[in-house]
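Visitor: Could you walk me through this model, please? I would like to hear how its chains meet.

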Amino acid sequence: MTRKLLRNKVVLVTTSIILITILIGAFAHQIAPNDPNEASIINKYSRSSDEFPLGTDHLGRCILSRLIYGIRPTVFLSLFTMLCTIALGTLIGVISGYSIGIVDEVIMRICDIMLSFPSQVMILAVVGMLGVGINNVIFASIMIKWAWYARMIRSMVIKYNNKNYILYSKTIGTSRSFIITRHMIPNIISEVIVLATLDMGWVIISISTLSFLGLGVQAPTAEWGAMLSEAKNVLSTNPSQMLAPGLAILIIVSAFNLLGDGLRDVLDPREV
Amino acid sequence: MLLQVENVYKSYSKSCGIIKKEKLQVLKGVSFKLHRSECLGIIGESGSGKSTLGRLIIGVEKPDNGNIFINNTNINSSRGKSIKKDVSVVFQDYFSSVNPRFKIIDIISEPIRVYEKLSKKDTTLKIINLLERVGLSKKFLSRYPHELSGGQLQRVCIARAIATKPKFIVLDEAISSLDVSIQVQILDLLKELKNDIDISYIFITHDLTAVTYICDRVIFFHDGNIVEQVDNIEDLKNVKNDYSKNLLQAATQMNVREAIYENQRVS
């Protein structure tokens, strides 16, 4: 499996991009050349120089440093959102898949309701109700995404529940926890991971979009979407301000999407 | 009495449309008994409900009506958990019978882990022992299922089935998806195990030849009912029921035809 993953060039390249990004984000303190929030009006819109490798923004803050510090809210919060979504979806999906009958029916109808709303509108509605702030954005993202995972995991639980090796385990009276942790979860995870990776891109865009609209991460915290939002004010005079955060979002989102595609190729059992 | 099936009914609901549900009666009052160290063949066509019966006996599904007793304990009662040790199963589809992510050692250690608290070393020794019982060497221990052939994998399944020292094993079409030479090997292995460790089989199949090879008694199953029961395998020719006669005749004809083809091929 590992060898197959390593042989796939797309997976290799995208994984290294993502890992490097995460590492840079984790050690932002050591790597960033300047304080991301230190404004100096004299230096505003300066071109790239030794002190400011990517130039400065409208308040004279170092764009590179802001980009590096921006990894934290953008990528880390997206990862956090995704993990929570998967955890919640798995929990509800497993409960639903195991309890055939009225409970299953109720959970699935709730899922149907959640799935019938357009996701961005739903997030806006939740943020509108709960107020502006990144916590609420994350909460809203989890709230609308879990249903996708719950539904998928439910169908997988039902599928694997009828696999012969699980029937055998039931026959000899293996404990349910063993069946779930050793048989169910490993099989489910390998399928979920593909979707989760593809969705990572969606979550990053979603958080950036909301920050761009001023609903997510609040100034002066560095966040790519918020940086774009600040840059758009000076689009006509200093269009190059958009480049750095825009490209950063483009690269990380494409990396996650391509990784998802690559993982699907590698993990697809039909190719084994 | 090892196993006693009493007047068992089972139906599945088939949904037609959103609300309307249709009941599909699969088993219609099945009763039979299984004695110690005998092999009972259950033979019938596809869709006759014989596999459903197997699933009821191993306890993964519950009958709508009627009871199943193993050693005089109802398997669906609260005390039924304790007799799970006495039952085991081997399925037709050996590839889906084992978790593809498990190595052979993990596959066979699962039942051992449930019933015996052995150290890691003892477990491994026991697994090697079991593998040797079914004619495999210990070099298979760290292999994955997809690295084994069908016959080898079915042997692993049998090793796993006897690991808990069950009183009887349900063989649900256990040899049907193997080729003929391997079928004979597996049947011989099953016979040998039966003599060695005093075990009973319920041999669910549609293959009459295999039944005559291994079974002591035969039940003809048709449309959810037992249509005929042959207590002595020697009397198999003298079946009275029309359905059993047809089945028997079809099998004989096929054997004759096969022999003719074989002759033509050789000459």
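Guide: Here follow some questions and answers on the fold and the interface.
This is a predicted model, in which local features need pLDDT of at least 70, side-chain atom pairs count only at pLDDT 80 or more, and totals for chains, interfaces and linings use all residues. Residues are numbered from 1 along each chain as its sequence is written, chains are lettered from A and ligands numbered from 1 in the order in which they are written, and side-chain values use heavy atoms, with hydrogens and water left out.

Visitor: What radius of gyration does chain B have against that of a compact globule?

Guide: The radius is taken over C-alpha atoms, and the globule rule is 2.2 Å times the number of residues to the power 0.38. For 267 residues that rule gives a value near 18 Å, and chain B agrees with it at 20 Å.

Visitor: How much area is buried between chain B and chain A?

Guide: Buried area is the accessible area (1.4 Å probe) that two parts lose on being put together, summed over both. Carbon and sulfur atoms give 58% of it here, and the total is about 2000 Å².

Visitor: Which residues of chain B lose the most area to chain A?

Guide: Three residues together account for 27% of what the chain B side buries. They are B:Phe91, B:Arg101 and B:Glu110.

Visitor: Which helix gives the largest share of the side of chain B that touches chain A?

Guide: Helices (H or I, at least four residues) are DSSP runs, numbered from the N terminus. The largest share is five residues, and it comes from helix 3 of chain B.

Technical notes. Helices (H or I, at least four residues) and strands (E, at least two) are DSSP runs, numbered from the N terminus.
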